[in-house]
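I open this notebook to record what I looked up in the structure shown below. The entries are grouped by topic.

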Amino acid sequence: MKLDFVDTDRIIFQSPNLVAIFSPVIGNPRHLLTVSFMAIMDDNAPRNGLSRDTLRDHAIPAIHVMAAHNHWYQYPEMPEMLDVIRRFGQNYAETVTYGLSMGAYAAIHASGALNAVRSVAFAPQFTVDPRKVFFEPGWQQYVADVNFIWDDFSANASATASHYIVYDPLFTDRLHFREIEQRVPVVPVPIPFGGHHIWLPFIHAGAGGQAFVDMILGRYDVLAMRRSLRAARATNPHYWAMMAENAPRWRSTAVKRGLALNPQDSEVREILEKYAIAEAGLARSDI
């Protein structure tokens, strides 16, 4: 596992599968520890900690957990590592867990062992074990041979923490949200047409860092942030691509609006062009 960290950071746990690195804050840190969990990454990509610079800029000390593979943290040493982090967190007034997608899954599942007061989970999965739910077959390429030994939601997730769940209520992620909200206290942050990469609308609106920090600190204003995202979405090709993919009645308008913005993201452009071709075919069939 390749690591990319500054000299002031230090490893507090390491195994062939996992590493946890503490990133301190210079000066006067907040009395709160954030524990981040890596999202899906290429096995050969260097690991450098989720939102490391943003947390440091806001004087929030953090432990960054990274995995060697995209196996949804199904490793036998997870309890040992979490115990090390929990004891480390006793030096702070509060612990908050955080992650995106696979990392969001881990943030929720680790909240119990770490006595977290909050988890901040962008597009989390309830589980990707196909024996329990089978919402998205795409994840199976990563976990086809995985033994789900750290996947008991009731045993893992804190029933007392507040779980900020950021998700698209029109996307498949809503199914995971429904499973989660039945079991633990949630603060829902629904972002329509945000897709699975639900953090992108925040970045486009220029509010990504602040929104994330506000959730970490437990002071997030859901309605105010949704107003900010709504004001910015007209110029966001990602928004129109997600609308084209998930709202057939508005697809024609979404394709035109999205392509007019000349999207540079290849995935977004591919989605819009796919539906543009489909719409053109429908138009010809009506002649």
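Is Leu3 buried, partly exposed or exposed? I found Leu3 partly exposed, with a relative accessible area of 33%; buried means under 20% relative accessible area, exposed over 50%, and partly exposed in between (1.4 Å probe, protein chains only).

**Entry: basis of the values**

I am working with a predicted model, in which local features need pLDDT of at least 70, side-chain atom pairs count only at pLDDT 80 or more, and totals for chains, interfaces and linings use all residues. Residues are numbered from 1 along each chain as its sequence is written, and side-chain values use heavy atoms, with hydrogens and water left out.

**Entry: the segment before strand 1**

I placed Leu3 in the segment before strand 1 (10-14); helices (H or I, at least four residues) and strands (E, at least two) are DSSP runs, numbered from the N terminus. Together with Met1 and Ile11, Leu3 makes a nonpolar surface patch of about 240 Å². Patches are made of residues with over 30% relative accessible area and no salt bridge, with like charges joined within 9 Å and nonpolar side chains (Val, Leu, Ile, Met, Phe, Trp, Tyr) within 5 Å. Accessible areas come from the Shrake-Rupley method with a 1.4 Å probe, and for residues only the protein chains shown count as cover.

**Entry: salt bridges**

I noted 12 salt bridges in the structure, each being a side-chain nitrogen of Lys or Arg within 4 Å of a carboxyl oxygen of Asp or Glu.

I looked up Arg87 and Asp83, whose closest N and O atoms are 3.2 Å apart in a salt bridge. The two are 4 residues apart in helix 2 (residues 78-89), which means that about one helical turn separates them. Arg87 is partly exposed at 43% relative accessibility, and Asp83 is partly exposed at 30%.

I then turned to Glu94 and Arg118, whose side chains meet in a salt bridge (3.4 Å, N to O). Glu94 lies in strand 5 (residues 94-100) and Arg118 in strand 6 (residues 118-122), so this pair ties together parts that are 24 residues apart in sequence. Glu94 is partly exposed at 30% relative accessibility, whereas Arg118 is buried at 10%.

Asp214 forms a salt bridge with Arg219, with 2.9 Å between the closest N and O atoms. Here Asp214 is buried at 16%, while Arg219 is partly exposed at 47%. I also recorded a network of salt bridges that links Asp9, Arg52, Asp53 and Arg56.

**Entry: nonpolar cores**

Which residues have the most contacts inside the largest nonpolar core? I listed Phe37, Ile63, Val65, Tyr73, Met81 and Ile85, in a core of 37 residues. A nonpolar core is a set of buried Ala, Val, Leu, Ile, Met, Phe, Trp, Tyr and Cys residues joined through side-chain atoms within 4.5 Å. The elements that give two or more residues to this core are strand 1, strand 2 (18-23), strand 3 (32-37), strand 4 (62-67), helix 2 and helix 3 (102-110). Helix 2 gives the most, with 6 residues.

Leaving aside neighbours within four places in sequence, I found Val65 in contact (heavy atoms within 4.5 Å) with residues including Val19, Val35, Phe37, Tyr73, Met81 and Ile85. Apart from this core lies another, of 30 residues, among them Val189, Trp199, Tyr220 and Met225.

In helix 9 (residues 222-232), I found Val222, Met225, Leu229 and Ala232 buried. They cover an arc of only 95° around the axis, so they are on the same side of helix 9; the arc is that of the directions from the helix axis to the C-beta atoms. On the other side of helix 9, Leu223, Arg227 and Ala231 are exposed. The buried residues of helix 9 pack against strand 8 (186-190), helix 7 (200-204) and helix 8 (208-216).

In helix 6 (residues 173-181), the buried residues are Asp173, His176, Phe177, Glu179 and Ile180. They fall within an arc of 160°, so they line one face of helix 6. They pack against helix 3, helix 5 (153-156), strand 7 (162-167) and strand 8.

**Entry: His109**

His109 lies in helix 3 and is buried at 1% relative accessibility. Beyond neighbours within four places in sequence, I noted contacts of His109 with residues including Phe126, Trp150, Asp152 and Phe153.
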